[in-house]
Amino acid sequence: SSGQPRPGHRHAPRPREVGGRPPPQRGSHRAMPAKERASRPGLGQYQDLIKQKEAEIQNLNEQRFVEMEQGLAAKEEELEILKAKFARLQDDFRYNLQIVEERDGEIQSLEETLAEKDAEAERLKAVGEDYVSLREKLETSQKQCEAQRISQDEEAKAHKEELESIRADWRRQVADKDHQLEQLRR
């Protein structure tokens with residue numbers, strides 16, 4: 001045994017031989033020279049050590065908390081950027097949809113004119129082909145926007161889950177440190 005107390009051990013450490021003499025018996029501390037008594041580790045030294053370790057744990061917890069807060073802030077900023085990008089995509093999609101709806105109205109007007117004017121049939125046929133092309137582009141654009149929205153939703157969900165995981169881990173670490181600190185105090 002090293003003479004040092006074990007964590008959670010309530011009994012005093014076994015005294016060691018000092019200067020080649022056997023340790024004094026219990027209750028014989030008065031017979032021990034004052035110099036020897038002063039050189040033995042006392043309760044104050046253990047309390048100082050405990051206070052030092054508590055301060056170290058507190059500093060580590062504070063440093064880890066700051067790091068986690070910084071990580072959380074970075075993730076939240078990234079989430080806000082993704083939300084802003086998604087909002088811009090939605091605005092672009094609405095604008096494009098409005099343009100397509102306006103084009104649909106124009107095409108309908110041209111189709112009515114086609115029925116009245118056979119001479120313009122070839123020109124209106126080209127407009128009809130444009131209409132089909134625009135529809136396909138719209139559908140492609142809609143599919144891309146939807147895929148991107150789904151992807152961004154999944155990213156946002158993943159970020160949120162990661163943030164929750166970070167918060168839970170931090171809480172667990174703080175609880176573990178609190179438990180360790182409580183064990184040291186005992």
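Hi everyone, let me start with contacts: in this protein, residues 24 or more positions apart account for 68% of the contacts with a separation of 6 or more, where a contact means heavy atoms within 4.5 Å. Please keep in mind that this is a predicted model, in which local features need pLDDT of at least 70, side-chain atom pairs count only at pLDDT 80 or more, and totals for chains, interfaces and linings use all residues. Residues are numbered from 1 along each chain as its sequence is written, and side-chain values use heavy atoms, with hydrogens and water left out.

Now the overall layout. The protein has three helices and zero strands, running α-α-α from the N terminus on. Helices (H or I, at least four residues) and strands (E, at least two) are DSSP runs, numbered from the N terminus. Of the 186 residues, 13% are buried, that is, under 20% relative accessible area; exposed is over 50%, and partly exposed is in between, with a 1.4 Å probe and protein chains only.

Let's move to the rings. There is one aromatic pair in the structure. Phe65 and Trp170 form this pair, which is tilted, with 4.8 Å centre to centre and 45 degrees between the planes. Phe65 sits in helix α2 (residues 43-116) and Trp170 in helix α3 (residues 121-185), so the pair ties together parts 105 residues apart in sequence. For pairing, ring centres of Phe, Tyr and Trp (its six-membered ring) lie within 6.5 Å; planes under 30 degrees apart are stacked, over 60 edge-to-face, and the rest tilted.

Lys85 is partly exposed, at 41% relative accessibility. Its C-alpha atom is separated by 9.3 Å from that of Gln152, 67 residues apart along the chain.

Finally, which residues line the second largest pocket? They are Asn96, Ile99, Val100, Arg103, Leu134, Lys137, Leu138 and Ser141. Helices α2 and α3 each supply at least two residues of that lining. A pocket here is an open set of points on a 1 Å grid over the protein atoms alone, where a 1.4 Å probe fits, with protein on both sides within 12 Å along at least five of seven lines; lining residues have an atom within 4 Å of a point.
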